[in-house]
Amino acid sequence: MALRAAATTTIPVAPRGIRALFSTFSSNFPFNPPQPQVEKPPPAEPSTNLFVSGLSKRTTSEGLRDAFAKHGEVVNARVVTDRVSGYSKGFGFVRYATLDDAAAGIKGMDGQFLDGWVIFAEYSRPRPPPPSMQDNSAAGGYGNYNAPMYGRNNM
């Protein structure tokens with residue numbers, strides 16, 4: 001009888017081999033990997049200019065304009081393209097006439113499909129200012145116009 005009772009009760013058995021390394025059942029290792037601290041930038045201020053990402057390589061400025069024109073008066077739509085190939089880099093900008101139209105454009109197009117790809121629309125952020133030319137910490141390279149011109153007399 002004791003054998004039958006022992007045979008009918010199941011005793012959990014820890015997995016062997018490589019599964020034991022990844023099993024939570026047999027893990028007595030108290031290591032918790034640190035979670036990355038990713039700081040999100042503050043939300044962009046509402047503006048009439050929208051940043052659209054996730055565009056297909058085949059999306060054109062006209063196609064982008066037509067898709068966003070359903071939600072308001074589009075002043076300008078531009079897909080940023082590669083200089084060499086001419087294909088889309090996957091993002092672009094749409095400028096609406098009013099803030100209300102821009103908000104409607106985000107609400108209507110964010111997370112929608114365009115040319116088979118899911119696109120994301122948000123208010124665009126202003127471009128950060130370029131580094132000042134007075135700062136000599138970026139000396140060297142081809143773009144530093146404050147550096148002395150080699151091969152010429154600078155007298």
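This is a predicted model: local features need pLDDT of at least 70, side-chain atom pairs count only at pLDDT 80 or more; totals for chains, interfaces and linings use all residues.
Me: Is Lys107 buried or exposed?
Reply: The cut-offs on relative accessible area are under 20% for buried, over 50% for exposed and partly exposed in between (1.4 Å probe, protein chains only). Lys107 has a value of 75%, so it counts as exposed.

Me: How many Å separate Lys107 and Glu122 in space, C-alpha to C-alpha?
Reply: In sequence, Lys107 and Glu122 are 15 residues apart. In space, their C-alpha to C-alpha distance is 9.2 Å.

Me: Which residues does Leu99 contact, leaving aside neighbours within four places in sequence?
Reply: Leu99 belongs to helix H4, which covers residues 99-109. With a relative accessible area of 44%, Leu99 is partly exposed. Contact means heavy atoms within 4.5 Å. With those neighbours set aside, the contacts of Leu99 are Pro46, Ser47 and Thr48.

Me: Asp101 is buried, so what is the nearest side chain of opposite charge?
Reply: Asp101 is in helix H4 as well, and, not counting residues up to four places away, it touches His71, Gly72, Glu73 and Tyr96. A salt bridge would need a side-chain nitrogen of Lys or Arg within 4 Å of a carboxyl oxygen of Asp or Glu, and Asp101 has none. Lys and Arg count as positive and Asp and Glu as negative, while His and the chain ends are not counted. At 11 Å from Asp101, the nearest side chain of opposite charge is Arg65.

Me: What pattern does the chain follow along the sequence?
Reply: The secondary structure comes to four helices and six strands. Read along the sequence, they give α-α-β-α-β-β-α-β-β-β.

Me: How many bridges join S2 to S3?
Reply: Strands pair if DSSP finds at least two bridges between them. S1 (residues 49-53) and S3 (residues 88-96) run antiparallel with five bridges, and Phe51 is partnered there by Phe93. S2 (residues 74-81) also runs antiparallel to S3, with Ala77 partnered by Val94. The number of bridges joining S2 to S3 is six.

Me: Which residue in the turn between S2 and S3 has a positive phi?
Reply: S2 and S3 form a hairpin with six residues between them. In that turn, a positive phi of about 85° belongs to Gly86.

Me: What is the phi of Asp115?
Reply: Asp115 lies in the loop between S4 and strand S5 (117-118), and a relative accessible area of 47% makes it partly exposed. Most residues other than glycine have a negative phi. Asp115 is not a glycine, yet its phi is positive, at about 55°.

Me: Which residues make the nonpolar surface patch of about 310 Å²?
Reply: Patch residues have over 30% relative accessible area and no salt bridge, with like charges joined within 9 Å and nonpolar side chains (Val, Leu, Ile, Met, Phe, Trp, Tyr) within 5 Å. Accessible areas come from the Shrake-Rupley method with a 1.4 Å probe, and for residues only the protein chains shown count as cover. One member, in strand S4 (residues 113-114), is exposed at 63%. The patch is made by Phe113, Val118 and Phe120.

How values were computed: Residues are numbered from 1 along each chain as its sequence is written. Side-chain values use heavy atoms; hydrogens and water are left out. Helices (H or I, at least four residues) and strands (E, at least two) are DSSP runs, numbered from the N terminus.
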